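Please keep the sequence and the 3D view open as you read.

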Amino acid sequence: MKVKPFEQIVDEYGPMVLRVCRAVLGPADAEDAWSETFLAALRAYPELAEDANVEAWLVTIAHRKAVDATRATARRPVMVERVPERPSTTGRPEDWDGDLWAALSALPTKQRMAVAYHYLADLPYAEIAAILGGSRDAARRAAADGIKTLRTTYRHATSVGGEAR
Amino acid sequence: MMTIHENDDRNLFDALPAIDFDASKRLHIELVSAAQREGLLDVAYRTMDTPVGELLLAGTERGLVRVAFAGQGHDKVLASLAATISPRILRAPDRLDEVARQIEQYFSGRRRTFDLPLDWRLSRGFRLNVLSHLPDIAYGRTASYAEVAAVAGSPRAVRAVGTACATNPLPVVVPCHRVVRSDGTSGGYVGGVEAKATLLNLEAA
């Protein structure tokens, strides 16, 4: 199979990359990261090997954009610990659960990334290790620790019909 | 293998929509304009409904490069454009607005000739020679394969004219439907004989 039209890549993987960006960067920066990721991917696409793992390739690009965005945020002069609760000012109905983002943003960056890449992008730990640096076991541990914390800090998802399990 | 436990953990992310249609649409529009700004949109395409079915229109920065009928398989056509021109292909309807406008005018009988920049890169040699002569056949008229062969400078290449028409990358706009058999019957057509009849009837009206 030859390289597919890029439109098909956007169609197949766009939603996954958006979820990953949202989990890693939160609602505010996610869409910029998505745009930068797909523009960079479009630029490099003709050189992509035919047998490449497209998912891992896209997440690797998104990861670099996320690291850049995180650094940029850290350089911003006025920092708040956490974005205060506020009603959506964008009027976008798709703005997702702020509680989940609050719980995710409380995780150490590496854990948050490992969780997103494993649970939302379905990447195996070896791929995640290649992206984050470090060993496969370290990637697995980061994801496990992250998800464990998330299960306790983000109670909403672990309750069914309002009842905590 | 995914364990039940892991499945359970995945549910933690239910608040994140699997597909966020509004955001996807917005981001796609932004991607197209950024790609265009950076010169990364090598092939733009769109589809449009016409009396001969849904047409695929594809253009490069040089002009319209491909028109395809539904029966030709739009996905297949896009895959071949990816292989022959560039895989930097995006659905970008706006970039083909003018093409769609003229085709619509043509089908409503308000336009007889197309005034569009054409990118001929998918045709070569004798076929290109044949195709570039087709716009000379006036609206509402027909010419035989033999006549076109003569005009193209190879009177005996009747069969090759048939092949050139059958592989016309720009049907409708480059009027290969106006080429018919010497006995007056319509002959084959890339979009099927019915489409050819529709186009000839439209022009005869």
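Predicted model: local features only at pLDDT ≥ 70, side-chain atom pairs only at ≥ 80, totals over all residues.

Residues are numbered from 1 along each chain as its sequence is written, chains are lettered from A and ligands numbered from 1 in the order in which they are written, and side-chain values use heavy atoms, with hydrogens and water left out. For the complex, the predictor reports an ipTM of 0.92 and a pTM of 0.88.

**Confidence**

- Chain A averages 85, with 78% of the residues scoring at least 70.
- Within chain A, confidence is highest in α5(A), at 97, and lowest in strand β2 (residues 163-164) of chain A, at a mean of 42; helices (H or I, at least four residues) and strands (E, at least two) are DSSP runs, numbered from the N terminus.
- Residues 88-94 of chain A have pLDDT below 50, and beyond near neighbours in sequence this stretch makes 10 contacts in the model; a contact means heavy atoms within 4.5 Å.
- Residues 157-165 of chain A also stay under 50, and the model gives them 11 contacts beyond four places in sequence.

**The interface of chain A and chain B**

- How many residues does each chain bring to the contact? Chain A brings 40 and chain B brings 35.
- The two chains bury about 3,400 Å² between them, 64% of it on carbon and sulfur atoms; buried area is the accessible area (1.4 Å probe) that two parts lose on being put together, summed over both.
- E7(A), R19(A) and Y119(A) supply 18% of the area that chain A buries against chain B, more than any other three residues.
- Five salt bridges cross the interface, each a side-chain nitrogen of Lys or Arg within 4 Å of a carboxyl oxygen of Asp or Glu.
- One of them joins R26(B) to E31(A), with the closest N and O atoms 2.5 Å apart.
- On the side of chain A that touches chain B, the elements giving two or more residues are α1 (6-44), α3 (98-105), α4 (109-119) and α6 (136-153) of chain A.
- Of these, α1(A) gives the most, with 15 residues.

**Aromatic pairs**

- Over all chains there are nine aromatic pairs, meaning rings of Phe, Tyr and Trp (its six-membered ring) with centres within 6.5 Å; planes under 30 degrees apart count as stacked, over 60 as edge-to-face and the rest as tilted.
- Y45(A) and W57(A) form a tilted pair, 6.2 Å centre to centre with 35 degrees between the planes.
- Y45(A) sits in the loop between α1 and α2 (54-75) of chain A and W57(A) in helix α2 of chain A, 12 residues apart.

**Backbone angles**

- Most residues other than glycine have a negative phi.
- D122(A), in the loop between α4 and α5 (125-132) of chain A, has a positive phi near 65 degrees.
- V172(B), in the loop between α7 (158-166) and β6 (179-180) of chain B, has a positive phi of about 75 degrees.

Technical notes: pLDDT = per-residue confidence, 0-100.
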